[in-house]
Structures are given as C-alpha cells and as structure tokens.
Amino acid sequence: MLFRSSTGEQVSIGMTALALIDLGIKAKSYTGSQVKILTDDAHTKARILKIDHNNIQDDLDKGYVVVVAGFQGVDEKGNITTLGRGGSDTSAVAMAAALKADRCDIYTDVDGVYTTDPRIMPKARKLDQITFEEMLEMASLGSKVLQIRSVEFAGKYQVKLRVLSSFTPWDIDIHEEAKSGTLITFEEDEEMEQATVSGIAFTRDETKISVLGVPDKPGIAYQILGAVADANIEVDMIIQNVGKAGHTDFSFTVGMADYEKAMKL
C-alpha cells in the first residue's frame, strides 16, 4: 500500500525528465530512495533525518536539470516511507537546505500568501513579503499555503522561501525576489509599516477530544497525551479546566484524520 502511494510522484518525475530531454535539456530523475532521503520509520508521517545529495550535486555540476520525487523517502531498512500531507513542500525545502540553495521556490495553486483565504474574503490582500515567524504562526493556525513542517525546516536551516503560482508567468531572475509571489524571509523590512495583524488563519478539519473527571494532579497531561505523542499524532490546543473537588476536565484538539486513532488511544 505504501509503495502504491508513492508511485504517482515516481511516474511524474520520469515523465517530466523525458519532457525536458525532448526539449533538448539534459535531465535526470531521482526517487526519494535513489537520492537517499533518509527518514525515520513513521510511515505516512515520516520525518527526514538526512539527505545524501552528492550524486545530485555532481549532476548539477555537469549541467543536468535534476527532478526529484517529493513526498517520499526511505528508512534505514530500505523501506519506502511517505512524509504525509504537504510532504512535497517539505521535500523541496529539505533538498534546498542540503544543496545550500540561494532560495526555495514553492509553486502552488495560489500566487502567494494572502492576509486570509481569498475564497472566503474577496478583499484579502496578497503579501509581497512576510517573515518566517509570521508564516510559521499562520501555518500552525490553519493557513494551507505551506505545510507547517516545511516552514519549520526552512527556519531550522535558514532557507529563504518564495510562494508562486504554477499558472502565472514570472521572472526567473533570483534577484527580483519581491516582484512575484510572496517572499518569506528571516529579516524584518525596516521600511515596511509595522502592521498590528499580518494575517488571519483558520482551519475546518480540527476535532476536540475531552476527557472528563480526571484527577487534578501534576503529570495528568502527560498521562493523557503521552500515548498520543508516541503515535506521532500532532496535538494543537490543550485546555485544562480549573479543578473542583480534586477532579478536572481535560480537552485537546487533533486533526480530523487522526480523531479515531486518538480516541482509541
């Protein structure tokens, strides 16, 4: 099943490389295992541990366009792993970090980061530039433009990002950073007016789980959430009510896709 879930990207990179060759461009394709994007063994939510980029760097030095499959890697036993929803963004940022690229451009179905979802609020404005901290906060609160793990990876390895539309022509000059899409940077623009609110984010696929009448004592949060964390389920908000008569109610939220698994735990 995991192998089948990774084949779409493998077919795509092969066809993309063939299309480039047909245009007279030297190109090669690599699957995650061929690159050796080493991950842990948390299948469907694997985390990248290390990337062996030497072969790709050699091909780039020889003038090849290298097409790498996103969303996938390989564990220490050679098993194919997948990185979960938005994993292709994470793959791109990780490859940019490994190759010490000047910037990582993410092509998506929108032409940048907006102050809020333009499908909900037509008056939403596209941001020419946003800081990493602001993008990380918006991604964590439901903004779907970039997957939160890709933003975390960019922050850890100081990879500058730009969000662009797959359907809009743009200038390939890397020095024209602010003229297309949204640039995500690590420096505050001193010339920009300091906005009180940069954007509004929300999510509709969260679910709340409440555990009622638990003992009001230190360590109860770990007793409830330890198994959830061990199962690689991300917890968003945590609320513990004021104790009464030695007991309290404990609530937390997880993604809708993880609800049934979290409930069983």
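These legends describe close-up views of a predicted model.

**View 1. Thr31 and its surroundings.** Thr31 is found in the loop that links β1 (27-30) to α2 (32-35). Its relative accessible area is 13%, so Thr31 is buried. The side chain of Thr31 makes a polar contact of 3.1 Å with the side chain of Ser33. Leaving out residues up to four places away in sequence, Thr31 touches Gln10, Ile13, Ala69 and Gln72.

**View 2. Two lysines and the ring of Tyr64.** Lys26 lies over the face of Tyr64, 4.5 Å from the ring centre. Lys28 also has its charged end over the ring of Tyr64. Here the distance to the centre is 4.8 Å.

**View 3. An open sheet of four strands.** The strands follow the order β7-β11-β12-β10, and their pairing is mixed. β7 (104-108) and β10 (129-131) stand at the edges. Each has a single partner strand, so one side of each is left without a neighbour in the sheet. From one strand to the next, the twist averages 20°. Helix α5 (residues 132-140) packs on this sheet and touches β10 and β12. The direction of α5 makes about 85° with that of β10.

**View 4. The pairing of β11 with β12.** Strands of a sheet pair through backbone hydrogen bonds, either parallel or antiparallel. Strand β11 spans residues 161-165, and strand β12 spans residues 182-185. The two run antiparallel and are joined by three bridges.

**View 5. Helix α6 and its buried residues.** Helix α6 covers residues 148-157. Its buried residues are Arg149, Ser150, Val151, Phe153, Ala154 and Gly155. They pack against β3 (48-51), α4 (87-98), α5 and β11. At the start of α6, look for Gln147. A side-chain oxygen of Gln147 comes within 2.7 Å of the backbone nitrogen of Arg149. At the other end, α6 is followed by Gln158.

View 6. Most residues other than glycine have a negative phi. Lys100 is not a glycine, yet its phi is positive, at about 55°. Lys100 lies in the loop between α4 and β7. Its relative accessibility is 71%, so Lys100 counts as exposed. Gln158 is not a glycine either, and its phi is positive at about 55°. The loop that holds Gln158 runs between α6 and β11. With a relative accessible area of 54%, Gln158 is exposed.

**View 7. Thr253 in strand β15.** Strand β15 takes in residues 247-255, with Thr253 among them. Thr253 has a relative accessibility of 8%, so it counts as buried. The side chains of Thr253 and Glu206 are joined by a polar contact of 3.1 Å. Apart from its neighbours within four places in sequence, Thr253 is in contact with Glu206, Thr207, Lys208, Glu234, Val235, Asp236 and Met237.

Definitions and conventions: Residues are numbered from 1 along each chain as its sequence is written. This is a predicted model: local features need pLDDT of at least 70, side-chain atom pairs count only at pLDDT 80 or more; totals for chains, interfaces and linings use all residues. Side-chain values use heavy atoms; hydrogens and water are left out. Buried means under 20% relative accessible area, exposed over 50%, partly exposed in between (1.4 Å probe, protein chains only). A polar contact is a pair of N or O atoms within 3.5 Å; within protein, one must be able to donate a hydrogen and the other to accept it, and residues adjacent in sequence count only if both atoms are side-chain atoms. Contact means heavy atoms within 4.5 Å. A charge sits over a ring if NZ of Lys or CZ of Arg is within 6 Å of the ring centre and within 35 degrees of the ring normal. Two strands pair if DSSP finds at least two bridges between them. Axes are lines fitted to C-alpha atoms, for helices over the stretch in contact, and angles run from 0 to 180 degrees between N-to-C directions.
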